[in-house]
Amino acid sequence: MRREVPLFITTVAGLVFAVSYFIPHFPFGASESIFGDWVTIVQAFAIWLGVLNLLKVSGERIMRRSPQWQYSVIIILTLLATLVVGFSSGYKGIYANPQHAYSDTGTQFDWLYQSVYSPLSATMFSMLAFFVGSASYRAFRARNIQATMLLISGFLVMGGRVPLLDRLVAPFTTHTIFSDLANWIMNYPNAAGQRAVMIGIALGIMSSSLRIILGIERSHIGGGS
Amino acid sequence: MILQKSNYQLADFNKLTFPILASFLLFSSSIFPQAPSNQTIQTAPVNSVTDTAAIIPPQPPASVIVKDHPFDRGGAISISWEKSPDEVNDKVTGYLIMRSENQNGPFEVVGDAVRGSNSFTDNQTKDELHYFYKVDAFIEYLGANGEKARITSVSLPTGPVNSSPQWFNADRKWVLLFLGFVAASIIYFIERAKQGKSLYVRKIAGIDAVDEAVGRATEMGKKIFFVPGIQDMNDVQTIAGIAILGRVAQLAAEYDTWLEVPVSRSMVMVTARESMKEAYSKAGRPDSFREAQVHYLTEDQFGYAAAVSGMIVRERPATVFYMGAFFAESLILSETGNSTGAIQIAGTGQQAQLPFFVAACDYTLIGEELFAASAYLSREPRQLGSLKGQDMGKALFLVAIIVGVILATAHIFDLSTIFKVE
Amino acid sequence: MLSTIATVLMTLIGLSLFYVLYLTIKGRPVERRMVFLYIGLGVMLPLMMKIAPPLPITSDVQKLCDYIEKLEPDSKVLCAFDFDPPSAPELQPMAVAFVKYAFKHNLKMIIMGLWPQGPQQAQLAITTALKDSTVASHSHVEGVDWVNLGFQSGNEFVIQSMGSTFKSMFPRDTRLIPYDSIPLMKNVVNFSNVDFVMNFGAGKPGTIEWVQLGVDRFKAKLGAGNTAVQATEVYPYLRSGQLVGLLGGMSGAAEFEKVLNEKGKASTFLLAQMFGHAMVMAFVIIGNVAYFVLARKQKNSATNA
Amino acid sequence: MGPIGIWIAALLTLGIYSFLYKDNPVYKTCEAIFVGVSAGYWGVVYYFDNIYKKFWLEAVVPEDKNLMLYGGAILGVLFLTRLFGKISWISRWPLAFIVGATAGLYMMTYFVSNAMNQVASTIMDAIARGGDGSIDWTQTFGTFVILVGVVTGLIYFFFSKEHKGAFGSAARVGIWFLMVTFGASFGYTVMSRMSLLIGRMDFLLGDWLRIIN
């Protein structure tokens, strides 16, 4: 039961989506639609699993007084606060006349989104700009021919995609040579390289999907070969 | 305005500086003329008319064709037409598509199409019913009271037609053929590998360097770090990373060099310990393995990066491996390793991180090379067989491209029509 | 005033980079935090200068604009907002420019998102666009001129299911109005009933998934605005015609604003973007010059010894 | 979002940036808030846009219920067994469903869009001609670059044959193309990262400090 059922489910779900690509007729086309509906609902529950799991893990950390458990308290409090604000905004909207969305401009949930969630997530990722800067100073070296080619191409694209290198040569020529060059790199050598990588990856994904559908690959259901 | 004034001063200042500094000074507005903005805004072309009698209905579209929408699960009919001759003199705003079960009506509107279009798909049909369709051109105008009004053409119904499902999508026969070929080769090679037939895998530069890197750590009497990425065991890259860890661990055990594996997932910790224990046994030193060599830090991305960088700075390992799924932390880690002078060998399938690894590490396994290396080292039939099967796919595509280009250049046959799927 | 100060400071910072080069060659590289400071200031000061550098229009952007400009009034455009606040500096200006253009030219927008934050970013873009005086002069009605169908979970499976009916994935809009009661959605069943699909994508799911399913399976016409990171991977689709055009990153957004004549944030950010690039390039040069000088010194001392 | 919202946003922004100086409790606090709020945010959005709108209002409330949706809901609930140690193995069923469906869909989408259609658009007349039939050299060169890049790139990723002789030279050209490609990604990634920073700086200087407008 523990192994056979999930294996069977995997194969059926996989076959429906693969076969209905070729056979639109009932029952394949129809089951594809039903399975599509299911996927969206299951994924929503998966997110909720994540939310509940975060609560569980943080709770355990506090109970065990693990190192830095105080931050787990903050996680739980802010999580619950967000849920409360979100649900109150949502149900207020549902019973309002006319109805409005939980995320409409002016709701408390939108306020939370704009003044807490947005700045935190945006700032978190914007730190990468600093790290790129320091890595370019301390780590990116033309240590071999490959790295050299990479840096040169990166240089031309970085300087050509914004009017930076073109401005430097502006006193000598009116042509936007570097912009054109960057554009050419993107559209020809880059597109060619990406395409080669893309075809390789496509075959890789195709082969691992095939193994999963045929039950040769079973790591997702907790078993090797 | 303040802005313009300050830029004026700047332009004079410009002349006094070194040419090298131009990069920072060339940005004054005297060099950058502001883009002119003179485009006028178009509004929707609604003819404003006060005398409705002056409007003549447009001519209806010619030769309306209705047929079952091909290769679908039923429930759809395609309608196509030739554009109304009045489109050229701007007398058509759009088309209305109308449907009835009787030739004589009544017809109900099932869709509309904008000017310039010549087809529509009615996706709301029942397969068991027969339908008649009319396509009317219409012109929209503003009436005397400012309300939008329409005048439609008068056209004849076409039909009957009914929708039906199909058993095979013939547009996709070539996909079936090529997919079948690649799938069959994968299965064939997996079976061969299972039977113990040896399958050749070419040398991979980064893997050849592993011995050298481990040897160097031994000579220097320093540690080796192995970072298996920040994803869990459900990511194939992590699995490949752990396979390579096995090889590194075996060498480290043979040379008796301390190998340390900081991880960010508990599942990865368990698997890495298993794999290392096995490797140490293979090297004939099962007692040398300590569980503390693999330790869990944190699941948090930047927290993990900060902790590993701290370890690298403090302990100054001779060699650092990065094998698995990496995201933004790749930068922080490889930069730190580089600053301590460690030999760095990386491998990942995350395309966005590859440039940083190539620029900052000594060897990088690029995308598929990571999986190939893992298959090569583990000799696992599933991995080896798939690798071979995929190579067959690549060979097929390579031949197709070369032959196709030759045929196309000689104007003999356009092979791309076979590969193009719409 | 502010602009002058910023320019002078920027010049000094540019000069001080030579000192950094000197220190690095001497084998005393500056600390990470100094580099952080350089990057921070290098981006901050140009924001105060308010100069819009001239920008040549690339073919990728032009192609998209040509296509959009050919869309007839009343065309139905499916707008997929697949991004979140971190990508907003690049994608929000594109979205705002597009929404303004659509309002002014009477294109009907069907908005949806495969990322939970997408529809909320769309709402922000609509609010910004409606503040524009020209947009406000036309009257725009939600449900008739645009509709926000909201977010649906399931990543690419949502596109796959939308291939048969949009309604199955979006039974109601964000205000809970049933699909069939929305005037704009009347007779819109699936991709065959929309004229164009515009995707603003920051990753997965995003443009790649829209090409794989929307275009290759359901024959939609697709245009895309991408973060720069994402854009490089999308170029093969552009070449093969699976995409009608592409806006890549901040410069793509600035070009888009310029061609559609909807001046917005991206144009004002361009100068900061240039200096940001200049900083990174300067640091790569410094690092590498020092690397080669030091390597030669070591080699010399080795031969001398 | 009002002045209070702007101040909160600004303080959180600076709190995160304090990591650049060094790891510290303020950063860790902001990070914990981020983790908590984003989990809550996702929970709310998935509840209203999916569970409420797609399931509750379609399968529970109306007269003509869409009974098929219960299948998905049951699988979804089974997912939650993961939280309870003893029966957590049942959560493999919905997981198996998702993995299988994804495999089925990906097998087709990637093979068609990323392999076959890319091969199709690489196959073309190597000599590009202008409207008047004369050879367009720029375009022909571009076509040539694409062709060589794709072919040699594929050869580099071919693992069944040793990189020797002509095959080896082709693979070397392939790696050059890959390096130019990665260089382009490098440049574009830097562009993206800088944009993120510009966005935050614009917020701090514009919305918060009002130095720029």
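Predicted model: local features only at pLDDT ≥ 70, side-chain atom pairs only at ≥ 80, totals over all residues.
Me: Which three residues supply more of the area that chain C buries against chain A than any other three?

Reply: Look for C:Gln120, C:Arg239 and C:Met281, which together give 12% of chain C's buried area there. As for contacts, 66 residues of chain C touch 60 residues of chain A.

Me: What about charges: how many salt bridges cross the interface of chain C and chain A?

Reply: For a salt bridge, you check whether a side-chain nitrogen of Lys or Arg sits within 4 Å of a carboxyl oxygen of Asp or Glu. Two pairs pass that rule here. One you can find is C:Arg175 with A:Asp104, where the closest N and O atoms are 3.5 Å apart. Helix α12 (residues 265-304) of chain C provides 15 residues of the side that touches chain A, the largest share. By class, that side has 32 nonpolar, 27 polar and seven charged residues.

Me: Now the sheet in chain C: in what order do its six strands come?

Reply: Read across the open sheet and you get β3-β2-β1-β4-β5-β6, paired in parallel. The edges are β3 (146-151) and β6 (245-248) of chain C, each pairing on one side only. Neighbouring strands are turned by 15° on average, ignoring direction.

Me: How many bridges join β5 to β6 in chain C?

Reply: Four, with β5 (residues 222-226) running parallel to β6. To see a partner pair, find C:Ala224 and C:Leu246.

Technical notes. Residues numbered from 1 in each chain as written. Chains lettered and ligands numbered in written order. Heavy atoms only, no water. Pairing = 2+ DSSP bridges. Helix = DSSP H or I, 4+ residues; strand = E, 2+ residues; numbered from the N terminus. Axes fitted to C-alpha atoms, helices over the stretch in contact; angles between N-to-C directions. Contact = heavy atoms within 4.5 Å. Buried area = accessible area lost by both parts, 1.4 Å probe. Nonpolar A, V, L, I, M, F, W, Y, C, P; charged D, E, K, R; others polar.
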